[in-house]
Amino acid sequence: MKGLWWKILSVVLILYSIVAGFTVTVPDIGNLGETIRNIFFHVCMWFAMIVMFAVSVVNSVRYLSSGKLYHDMIACESVNVGVVFGILGIITGTIWAKFTWGQWWLNDPKLNGAAVALIAYFAYFILRDAIPEGIKRARIAAVYNIFSFVLTVLFMFILPKLSSGSIHPGDGANSDIPVFTMSRNMALVFFPAAAGWILFAIWILSVRIRIIKIKNSVNN
């Protein structure tokens, strides 16, 4: 993505979501109370994470089909950015859990699934570091990255929906906050927030790629 417009838009959307997120009128749902405002931050972190992981897996597939290390580099950097947003999602999620359920962590399919997904991507970095040879590392990492993405979708989105014991909003029998049927007031904040954080993640990715290109040009 070229130009400054989308970067400016990212900042504007994030600032808007922060201000509106703390001032907009929110519905009173169960024991969530005012903590429901965390949906503007917590869920948006996951959205940005999933977009980054999707960009990563697409570039892993492109590497396997083309053999160009440039695609492997983008895949790796996308995982780097995605993991950061995943950690932010975990942090905001544990804070929400503490105020909603009284505990920092519960035995919930969604929470456990998020932990499994991040562990899988931590293993991705370990795998890359364990293989010194560039082409071999890129090929094995690409295959493992595809596996990690499938695992993430399975553990974070499919299994929690099928679970009968999930207390996480929107999963199992509990659908208090279906994202796409939320109140108008919340939707007017949530979707701009999600777009803003996704654009911000893309911005970070583009900066990391630019830095690597500069380093490579200097070394050459």
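1. A helix here is a DSSP run of H or I of at least four residues, numbered from the N terminus. Leu15 has its place in one of these, helix H1. The model under discussion is a predicted one.

2. Helix H1 covers residues 5-23, which is 19 residues. From its first C-alpha to its last, H1 reaches 27 Å, close to the 27 Å expected at 1.5 Å a residue. Its buried residues are Trp6, Lys7, Ser10, Leu13, Ile14, Ser17, Ala20 and Gly21.

3. The packing of H2 with H3 may be taken next. The axes of these two helices are 7 Å apart, at an angle of about 160°. Angles over 145 degrees count as roughly antiparallel, and H2 is therefore roughly antiparallel to H3. H2 passes H3 in a left-handed crossing. The residues of this contact divide into 18 nonpolar, 12 polar and 2 charged.

4. H3 also packs with H4, at an angle of about 150° and with the axes 10 Å apart. That angle makes H3 roughly antiparallel to H4. The crossing in which H3 passes H4 is left-handed. On the H3 side the contact involves Asp72, Ala75, Cys76, Val79, Asn80, Val83, Gly86, Ile87, Ile90 and Trp101. These meet Leu111, Ala114, Ala115, Leu118, Tyr121, Phe122, Tyr124, Phe125 and Arg128 in H4. By class, the contact of H3 with H4 has 15 nonpolar, 2 polar and 2 charged residues.

5. How do helix H3 (residues 69-101) and helix H5 (residues 134-162) cross, and at what angle? Their axes come within 10 Å and cross at roughly 50°. This makes H3 oblique to H5. The crossing of H3 and H5 is left-handed. Leu69, Asp72, Ala75 and Val79 of H3 make the contact with Gly134, Ala138 and Asn145 of H5. By class, the residues of this contact divide into 4 nonpolar, 2 polar and 1 charged.

6. Asp72, Ala75 and Val79 of H3 deserve a reader's attention when the two contacts are inspected together. Each is listed in the contact of H3 with H4, and each is also listed in the contact of H3 with H5.

7. Helix H4 comprises residues 109-130. At 1.5 Å a residue, its 22 residues should span 32 Å, and its end C-alpha atoms are 31 Å apart, which agrees. The residues of H4 that are buried are Lys110, Leu111, Gly113, Ala114, Ala117, Leu118, Ala120, Tyr121, Tyr124, Phe125 and Arg128. Against what do these buried residues of H4 pack? They pack against helix H2 (42-66), H3 and H5.

8. Ala117 is placed in helix H4. With a relative accessibility of 1%, Ala117 counts as buried. Leaving aside its neighbours within four places in sequence, Ala117 is in contact with Thr152 and Met156. Ala117 and Phe47 are 70 residues apart in sequence, and their C-alpha atoms are 14 Å apart in space.

9. Arg128, a charged residue by class, also has its place in helix H4. Buried means under 20% relative accessible area, and at 11% Arg128 is therefore buried. Not counting residues up to four places away in sequence, Arg128 touches Asp72, Cys76, Arg137 and Ala141. Asp72 and Cys76 are also listed among the H3 residues that meet H4.

10. Glu77 lies in helix H3 and is likewise charged by class. Is Glu77 buried or exposed? Its relative accessible area is 8%, so Glu77 is buried. Leaving aside its neighbours within four places in sequence, Glu77 is in contact with Leu205, Arg208 and Ile212.

Technical notes: Residues are numbered from 1 along each chain as its sequence is written. This is a predicted model: local features need pLDDT of at least 70, side-chain atom pairs count only at pLDDT 80 or more; totals for chains, interfaces and linings use all residues. Side-chain values use heavy atoms; hydrogens and water are left out. Axes are lines fitted to C-alpha atoms, for helices over the stretch in contact, and angles run from 0 to 180 degrees between N-to-C directions. Angles under 35 degrees count as roughly parallel, over 145 as roughly antiparallel, 65 to 115 as roughly perpendicular and the rest as oblique. A crossing is left-handed if the near helix is turned anticlockwise from the far one by less than a right angle, and right-handed if clockwise. Contact means heavy atoms within 4.5 Å. The expected span of a helix is 1.5 Å times one less than its number of residues. Buried means under 20% relative accessible area, exposed over 50%, partly exposed in between (1.4 Å probe, protein chains only).
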